Structure formats: structure tokens, C-alpha cells
Amino acid sequence: AQINIGMAVALPNGNLIVPVIHEVDKMTLAELTQKVNDLSARARANKLKPADLEGGTFTISNIGGFGNLMGTPIIVQPQVGILAFGVIEKKPAVITNDQGEDVIAIRQKMFISHSYDHRVVDGAVGAAFLADLRTCLENPATL
């Protein structure tokens, strides 16, 4: 199965378009970075081709780029899901220190919103995916 990720791109006129990174699972981080930059630039220059907009299975949107904490992303049919990443902000958080005591510390926090097509993804599976994503983001060494 191909993993084709749509990436929401804000256009200069205020509209949004979702070009697709095809077979993202086969790319290195450097290749992915290059593709994101290429698609973003071509989208903003109105130079995308029809194939650049086809075949998406899941979309990622960075609503935090506009300073938003969170939003309610809506899937683009026939895609099965969408993630919206909010702004990363420093917030007070209760953590357990090395001595087992609860203390208040400043941590970087972000809201991630996840919408999915319930005809394809069960709610428990969607919630488990979001929990796994959180673990990966909080503990990148576990990847």
C-alpha cells in the first residue's frame, strides 16, 4: 500500500490547497524536506500539476503557523484522516522529578487535532494512533 500524505499549503490569496507527497514512507528526511519545499513553492506560485493533488490518503495541516492553539480539521474525501498541529508554546506543567515528587515546570506544549473517517477508522484505533504519535514526539529516541 502506498502512503501518500497531503500537506496543507496556505496561499497568498488566503485560500488553502493540499498537494500530495506520494510514497512518503520511501523517502529519507532530506528527500521529504526537499519535496515539502518544492510543493509549497509551486503551490504558492500556482504551478502545481493535477497529479500533485491526487492520491492522498492522509493530510497534515500546521495551523500553529498562524499562532492557533487548535482547530477542527475536516478530511478531504476520499482521504481517511487529517492531523492539525497547533502552535508550540511554553506552559506550566506538573511533572514528576527524579525523586518522585510532583513539581511545576515549564514545558513546551502543543495541541494536535485528529479527524478521521469512521467508515474506515474506528475511534479506538484513531485514539491509539494519536497516543502513539504523542509518545514519538515526546520521546524521539524511541523511534
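Here are some friendly questions and answers about this predicted model.

Me: How are residues numbered, and which pLDDT do local features need?
Reply: Residues count from 1 along each chain as its sequence is written, and side-chain values use heavy atoms, with hydrogens and water left out. The model is predicted; totals for chains, interfaces and linings use all residues, side-chain atom pairs count only at pLDDT 80 or more, and local features need pLDDT of at least 70.

Me: Which pattern does the chain follow along the sequence?
Reply: Helices (H or I, at least four residues) and strands (E, at least two) are DSSP runs, numbered from the N terminus. The chain has two helices and nine strands. Read along the sequence, the pattern is β-β-β-β-α-β-β-β-β-β-α.

Me: What share of the 143 residues counts as buried?
Reply: Buried means under 20% relative accessible area, exposed over 50%, and partly exposed in between (1.4 Å probe, protein chains only). Of the 143 residues of the chain, the buried share is 29%.

Me: What span does helix α1 reach from its first C-alpha to its last?
Reply: Helix α1 covers residues 29-44, 16 residues in total.

Me: Which strands are included in what covers the buried residues of α1?
Reply: The buried residues in α1 are Leu39, Ser40, Arg42 and Ala43. Their cover includes β1 (5-7), β2 (9-10), β3 (16-17) and β4 (20-21).

Me: How far apart are the closest N and O atoms of arginine 42 and aspartate 38?
Reply: A salt bridge puts a side-chain nitrogen of Lys or Arg within 4 Å of a carboxyl oxygen of Asp or Glu. Arginine 42 and aspartate 38 both lie in helix α1, four residues apart, about one turn of the helix. Aspartate 38 counts as partly exposed because its relative accessibility is 31%. The closest N and O atoms of this salt bridge are apart by 3.2 Å.

Me: Which residue forms a salt bridge with arginine 134?
Reply: The closest N and O atoms of this pair are 3.0 Å apart. Both residues lie in helix α2 (residues 123-138), and about one helical turn separates them because they are four residues apart. The partner of arginine 134 is glutamate 138.

Me: What is the relative accessible area of asparagine 46?
Reply: Most residues other than glycine have a negative phi, and most peptide bonds are trans. Asparagine 46, in the loop between α1 and β5, has a positive phi near 60°. This residue is exposed, with a relative accessible area of 73%.

Me: Where is proline 78?
Reply: The peptide bond from glutamine 77 to proline 78 is cis, with omega near 5°. Proline 78 lies in the loop between β5 and β6 (81-85).

Note on methods:
Expected span 1.5 Å × (residues − 1). Contact = heavy atoms within 4.5 Å.
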